[in-house]
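Notebook open, viewer loaded. I'll jot down what I look up as I go.

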Amino acid sequence: MLFRSHQVSVVFGLRLAGGREVVVKARADDGRAGSCVAAQTRLAERGFACARPLTAAVRVGALAVHAEEFRPGGEVLHGDSPDVAVRCAQVFARLMAELAGMSLAPPLPNPPWVRWDHADPGVWPTIDFLDRRDQRLVPQHIVETAERTRRRLLAAGLPCVLGHADFEAQNLRWQGRQVWAVHDWDSLAWQPEAALAGAASGSFASAGPPTLAPIRSSEAFLVAYQHTRGRSFTAPELEIAWAAGLWMAAYNARELALCGGPPTGGNALRAQAAERLHRANA
């Protein structure tokens with residue numbers, strides 16, 4: 001065993017008897033893994049910077065498991081400046097362009113941090129380990145922000161597409177100014193393109209506990225994304241982009257508040273909420 005990590009998935013780095021190094025991922029089988037691994041496979045075949053799956057996702061008891069090549073190396077790109085935002089947006093736009101040509105079953109249910117379209121009671125999707133905690137720990141401004149952005153997102157009426165929903169610094173590796181690897185393909189989602197770009201515009205700088213990028217950097221991300229994709233968002237799409245970035249930040253701030261995490265994300269949310277809500281028309 002080369003390494004073992006456990007967050008949403010359990011990930012093992014292994015050296016096989018013949019010397020080959022691979023990664024094995026196991027996660028609860030909620031029906032999403034097949035589409036996620038299939039998309040990752042097609043991206044790798046097209047030369048996109050990601051690890052190439054070596055197997056399909058297979059069911060092992062209550063788990064979905066697959067193996068992929070080990071793609072070490074590269075460095076995390078730290079910072080939340082507009083320049084960093086533009087670099088990340090260009091990669092995200094190329095990623096979304098590649099996914100746009102794929103015909104796959106939607107990877108549903110969506111990851112909870114972009115699952116504003118849930119049918120559960122209340123503003124948040126049902127997550128047992130969070131719902132069992134004392135909800136009084138969550139500041140009211142976080143709940144109110146989530147309520148307002150969710151209403152705007154549910155009123156969008158935009159078509160859904162396949163996209164990466166956890167586009168954070170910690171999931172990317174760079175060699176110089178070139179991206180070397182994009183990780184965490186379990187986090188593909190089925191939401192409007194503008195919403196996925198908006199979520200990434202807020203989260204791209206998270207290299208540890210999730211935070212919220214400065215507004216001017218999110219703006220630079222969205223401008224660069226549209227330029228690289230070769231199309232401009234409509235006014236309603238831009239509103240959805242700002243709403244999605246704020247919803248994701250509220251979801252993350254709630255989780256940190258309930259689990260005793262650092263208040264950084266919640267502080268950024270409080271400072272930026274009014275302007276982001278205005279841009280979202282929420």
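Strand pairing comes up at once, so I note the rule: two strands pair if DSSP finds at least two bridges between them. Strands (E, at least two residues) and helices (H or I, at least four) are DSSP runs, numbered from the N terminus.

Ground rules before I go on. This is a predicted model, where local features need pLDDT of at least 70 and side-chain atom pairs count only at pLDDT 80 or more, while totals for chains, interfaces and linings use all residues. Residues are numbered from 1 along each chain as its sequence is written, and side-chain values use heavy atoms, with hydrogens and water left out.

**Entry 1**

I started with strand 1 (residues 3-6) and strand 2 (residues 10-15), which pair antiparallel over four bridges. In this pair, His6 stands opposite Val10, and Phe3 stands opposite Gly13.

Leu14 faces Val22 of strand 3 as its opposite residue. This is another hairpin, with five residues between the strands, and Gly19 in the turn has a positive phi of about 105 degrees.

In what order do the five strands lie? I read 1-2-3-5-4, an open sheet with antiparallel pairing. Strand 1 and strand 4 (58-60) are the edge strands, each pairing on one side only. The twist averages 25 degrees from one strand to the next. My angle convention: axes are lines fitted to C-alpha atoms, for helices over the stretch in contact, and angles run from 0 to 180 degrees between N-to-C directions.

Helix 1 (residues 33-45) lies across strand 3 and strand 5, at about 10 degrees to strand 5.

**Entry 1: Glu68**

I clicked on Glu68, which sits in strand 5 (residues 63-69). Is Glu68 buried or exposed? My cut-offs are under 20% relative accessible area for buried, over 50% for exposed and partly exposed in between (1.4 Å probe, protein chains only). Glu68 has 4% relative accessibility, so it counts as buried.

Its side chain makes a polar contact with the side chain of Gln40 at 2.9 Å. By that I mean a pair of N or O atoms within 3.5 Å; within protein, one must be able to donate a hydrogen and the other to accept it, and residues adjacent in sequence count only if both atoms are side-chain atoms. For plain contacts I use heavy atoms within 4.5 Å. Leaving aside neighbours within four places in sequence, Glu68 contacts Val22, Val23, Lys25, Gln40, Ala51, Arg52, Pro53 and Leu54.

**Entry 2: helix 2 against helix 6**

Helix 2 (residues 82-100) and helix 6 (residues 215-229) pack at about 40 degrees, with their axes 8 Å apart. Therefore I log helix 2 and helix 6 as oblique: under 35 degrees is roughly parallel, over 145 roughly antiparallel, 65 to 115 roughly perpendicular, and the rest oblique. The residues making this contact include Ala89, Phe92 and Met96 of helix 2, and Ala220, Phe221 and Tyr225 of helix 6.

**Entry 3: helix 5**

How many residues of helix 5 (residues 193-203) are buried? Eleven of the eleven, so the rest of the structure largely encloses this helix. Its buried residues pack against helix 2, strand 6 (160-164), strand 9 (188-192), helix 6 and helix 7 (235-259).

I picked out Ser201, which belongs to helix 5 and is buried at 1% relative accessibility. The Ser201 side chain reaches the backbone oxygen of Gly198 at 2.7 Å. Not counting residues up to four places away in sequence, Ser201 touches Ala213, Ser218, Phe221 and Leu222.

**Entry 4: Ile240**

Leaving aside neighbours within four places in sequence, Ile240 contacts Arg152, Leu153, Ala156, Leu158 and Ala195. I also took a C-alpha to C-alpha distance: Ile240 and Val37 are 28 Å apart in space and 203 residues apart in sequence.
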